[in-house]
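Visitor: Hi! Could you walk me through this one?
Guide: Happy to, here it comes.

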Amino acid sequence: MVQEVLNNSLDEINAAEIAVVDFNATWCGPCKMLAPVLHEVAEECESRGWKFFSVDVDQNEGLATKFGIMAVPTVFILKKGERAGYFTGFRPKDDLIAEIEGKL
């Protein structure tokens with residue numbers, strides 16, 4: 001499951017052992033392509049303890065600024081609230097999983 005982040009809140013993100021945070025926008029084509037891939041990976045990798053979050057940069061400008069988001073989609077991988085890595089742009093499912101695993 002991918003949780004939507006509201007009100008610029010980092011509480012649930014920081015509480016996760018491994019958090020995958022997708023910064024996106026409703027007007028962004030690549031974001032729309034990445035969203036179903038993230039949902040699929042979230043369902044498949046739930047048993048690994050990975051938590052997935054979606055942040056609309058237009059509704060959460062504070063978080064977008066805090067993370068230095070300059071382009072969407074940008075996906076951050078956090079370990080215990082600390083940045084382990086990030087990437088920008090669309091990734092197919094297998095590449096997305098490999099990208100996350102490579103940052104852990």
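Visitor: Is cysteine 31 buried or exposed?
Guide: Cysteine 31 counts as buried, because its relative accessibility is 4%. Buried means under 20% relative accessible area, exposed over 50% and partly exposed in between, with a 1.4 Å probe and protein chains only. One note on the source: this is a predicted model, where local features need pLDDT of at least 70, side-chain atom pairs count only at pLDDT 80 or more, and totals for chains, interfaces and linings use all residues. Residues are numbered from 1 along each chain as its sequence is written, and side-chain values use heavy atoms, with hydrogens and water left out.

Visitor: Thanks! Which residues does cysteine 31 touch?
Guide: Leaving aside residues up to four places away in sequence, cysteine 31 touches Asn24, Ala25, Val72 and Pro73. A contact here means heavy atoms within 4.5 Å.

Visitor: And where is cysteine 31 placed?
Guide: Cysteine 31 belongs to helix α2. Helices (H or I, at least four residues) and strands (E, at least two) are DSSP runs, numbered from the N terminus.

Visitor: What span does α2 have?
Guide: Helix α2 covers residues 29-44, 16 residues, and reaches 24 Å from its first C-alpha to its last. That is close to the 22 Å expected at 1.5 Å a residue, where the expected span is 1.5 Å times one less than the number of residues.

Visitor: Which other α2 residues are buried, and what do they pack against?
Guide: Besides Cys31, the buried residues of α2 are Leu34, Val37, Leu38, Val41 and Ala42. The buried residues of α2 pack against β1 (2-4), β2 (18-24), β3 (50-56), β4 (74-79) and α4 (93-103).

Visitor: Why would residues three or four places apart point the same way?
Guide: An α-helix has 3.6 residues a turn, so residues at that spacing point the same way.

Visitor: Switching topic: how do β4 and β5 run?
Guide: They run antiparallel, with six bridges joining β4 to β5 (residues 82-88); strands pair if DSSP finds at least two bridges between them. Valine 75 stands opposite phenylalanine 87 in β5. The two strands form a hairpin with two residues between them, and lysine 80 in the turn has a positive phi of about 50 degrees.

Visitor: Zooming out, how many helices and strands are there?
Guide: The protein chain has four helices and five strands, in the order β-α-β-α-β-α-β-β-α from the N terminus on. Of its 104 residues, 45% count as buried.
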